[in-house]
Amino acid sequence: MRLSPSRLSRRLAALCVAVLLILGSPVTFAAHGYALWGQLKYPDGFSHFDYVNPTAPKGGELRLVSNQRTSTFDKYNPFTMRGSAPAYLSNLMFDSLLAGALDENGAGYGLLAEDVSTAPDGLSVTFKLRDTARFHNGDPVLAADVKHTFDTLMGPHTSPAYKTILQDVAGLDVINERTVRYRFKLPNRELPLVVGGLPVFSRAWGNAMDPKTGQRKTFDQVVMDIPIGSGPYKIGPVQFGKDITYVRDPAYWARDLPVRRGTANFDRITVKIYKDNTARLEALKAGEFDLMRFFSAGDWARRVNGKRFDTGELVRGEFTHRLPMGFQSYVLNTRRPPLDDIRVREALGLAMDYEWMNRQMFYNAYQRVQGLFGNTDCAPQGAPAPEELALLEPWRKQLPSAVFGPMYRPPRTDGENSLRANLRRAQAMLREAGWTVQGGQLFNAQGKPMVLEFLDSNETGARVVSPWMRNLKKLGVELRFRPVDFALYQQRLRSFDFDIISINFQGTSNPGSEYADLFGSQAARTEDSGNFAGVASPAVDAIITSMTAARTQPAFLAACRALDRVISHSHYLIPQWTATTHRMAYNAWRLGRPKEMPPFAAGETWAVDTWWARTPDQKAP
C-alpha cells in the first residue's frame, strides 16, 4: 500500500493501519523511509540528519590510509569473489535505494527511492525511484538497473554471501520504468532494509563486447572496467601499489537530498597504500596522510606521538560509540576432529587467560566479548525467559544442557577465579573426551597427539596468541602458529582449510538473514561462506528462521537471545576482546568535523561522510 502525501490520504492510511493492527497484521507506512518496528526518527520533509553540518564547505582533499591487509588492489569490481578491490570503493561509488542514519538503528530513508511501501502481509516491498536519479555516465537510474543488479548479485559470479542473505527473496518484479517490487518467500521485517541497502549499478557496466571472443563478458570478467554507479564519487588518478583517488562528482544528482546534505564534502579522497602497520604509522607522523584509526592498544599507548602531535597539528581522539560490541573470536573449525567435540572446544577456551593479557599486553584498553550481541537489546541475561524456552525446548535433546541455564560467561582468572582452577577443569573435560597425557603430550585412544594449527595472515599475531599457546602446552595441547600471505590465507578460508583462525565479526542491533551465512547449515556446506566454524545444527537453523520472520519486537528479541545462548554454550567460538571507543589520530589543521560523533558511526566512516577540509583562514580547534 502506497501513501500519498495529501492530508486526506494520510487520514485514510491511518484508518487502514488501525484496522490492520486490529486484525493482527503488522505494517509499516512511511513514504520517505522504512523502520523495522514502524517508528522513524526523522519525519517526512526533514532537511538533514542531526549529526551533519548542513553548510559544511565543499573542497579540498582527505588523505586516508588503507587498513586492508593486502598490499594493493587488483580489480575495481567489489562484488566478485576473486581478487581485492580498493578500500571505500563500494560506499563512495554506489548508491542504494535507502540510506541509513548514523544516529538511528533499524531504519532507512529514501535515496534512489523516493517512496517505499510494504505490503500488509509482509510479503513484499515496493520502491519508486526518483526521476532525478542518475548514474555517473548521465543515464537515469531505472527499474531495469535495479533488477539487473539483483539478478547479477544472485548469479554465479558473486560472493555466495549474497545468496545466503537474500535467500528469502522470492524475486524482483519491474512494475514500470521507475518502480520495482521485491517479493519475499516469508514475512520478514528485516528484508525491506536488506534489499533497500543493496548497491545499485548500471546495466551498461561491463556490457561491452569482448574483442577477443566477440561475446559479452560474464560478471567475473568485469575486473578493471570502471564501475558505473550513482554515488557521490568517481575513480580519479590511480597509482597501482601506491594510492587511489576518488573525485567528487560536482553534478552528483543527490547532493541536495536530506540524506546527503552535509556529506561528501571533500573534492578528493585519496587512499594511500602501505605494506605494513609500522610503515603506516611512520607515514602518519610524517604528515603523508590525514587520519588513521588504531586497532592496536600498544601502538595507541606508546607510539602515537612525535613533533606533529606536540604542535597540535595531529590530534589523538577517542570517540565513544554505542555500536554493538561484535564478537571478535577465535573460531574453531568443527569440521575437523578433535574440534568436533564440544568438550575439547570448551577445554581450549578455559586455557585462555584474558585478564592477564589485558593487563600485560593491552594496557587495560579492552573488554571481553560477551556473546554475539553485546551492548544491544538482543543480549540475553540470566536464565532463558519463557519466550526463549519456547524456541529451545523442541531441540532439547540436540542442545547442550547448559543452554537451558544461565547465559554463558567466559571464564575469568581474577578475584576468586584462577587460571590453575580453569586448567584443572579443562583437564577433566579432556579426560572425559578420551584424551590422556603421555610424556607431557595429549593422545587419544588411537595414539594420535593433539596438534592444532592457528592460521593467520599476519606474523605479528604470534605475540597475541603466544600466552594461550603456553597455557595449552600445560594441558598437553600443541598449538602451532602458521602465518601465511594474505592471498593464501583467503584461499584457505574459502575452502575451510584450517583448524583455528581469529575473526573480528561486526556486531548488529538488528540481526537477520546474514546470520544464516554465519551459522546456517547450508552455509556450512558452501565454499566461501561466512560459516567458518562449520555450524550445522537444525536447532540453529530453526531459531535463525524465527529471528528473521519475527513480526513483533518481543518475538524478535526472544529469537536473538535463544540463538546467542546456543552458539555461546556450544563453544564454537572462544571470545576475544572489544573496545567501546574509536581511537583515531587526525590532522586538525587540515580537517574540520562536527562536534559530536553520532552514536552508531563506524570510525573513519564518520570522517569520510561528514568531515570537511579547512580553508587557510579557518582556525583549528
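1. Helix axes are lines fitted to C-alpha atoms over the stretch in contact, and the angle between two of them runs from 0 to 180 degrees between N-to-C directions. With that convention, in this predicted model, helix α17 (residues 538-549) packs with helix α18 (residues 553-570) at an angle of about 155°, and their axes are 8 Å apart.

2. Since angles over 145 degrees count as roughly antiparallel, α17 and α18 are therefore roughly antiparallel to each other. The crossing in which α17 passes α18 is left-handed.

3. As for the residues that make this helix contact, α17 contributes V540, I543, I544, S546 and M547, which meet F556, A559, C560, A562, L563, V566 and I567 of α18. Sorted by class, the contact of α17 with α18 has 11 nonpolar residues and 1 polar residue, while no charged residues take part.

4. Turning to the strands, an open sheet is formed by 4 strands in the order β5-β6-β8-β7, and the pairing within this sheet is antiparallel. The edges are taken by β5 (113-118) and β7 (169-176), each of which has a single partner strand, so one side of each is left without a neighbour in the sheet. On average, and with direction ignored, neighbouring strands of this sheet are turned by 20° against each other.

5. Within the sheet β5-β6-β8-β7, the pairing of β5 with strand β6 (residues 124-129) is in the antiparallel sense and extends over 5 bridges; A113 stands opposite L129 in β6. Helix α3 (residues 143-153) packs on this sheet, where it touches β6, β7 and β8 (179-184), and the direction of α3 makes about 165° with that of β7.

6. Another open sheet, also of 4 strands, has the order β2-β13-β12-β11, and here the pairing is mixed. Its edge strands are β2 (61-65) and β11 (233-239), each of which pairs on one side only.

Note on methods. Residues numbered from 1 in each chain as written. Predicted model: local features only at pLDDT ≥ 70, side-chain atom pairs only at ≥ 80, totals over all residues. Heavy atoms only, no water. Helix = DSSP H or I, 4+ residues; strand = E, 2+ residues; numbered from the N terminus. Parallel < 35°, antiparallel > 145°, perpendicular 65-115°, else oblique. Left-handed = near helix turned anticlockwise from the far one by under 90°. Contact = heavy atoms within 4.5 Å. Nonpolar A, V, L, I, M, F, W, Y, C, P; charged D, E, K, R; others polar. Pairing = 2+ DSSP bridges.
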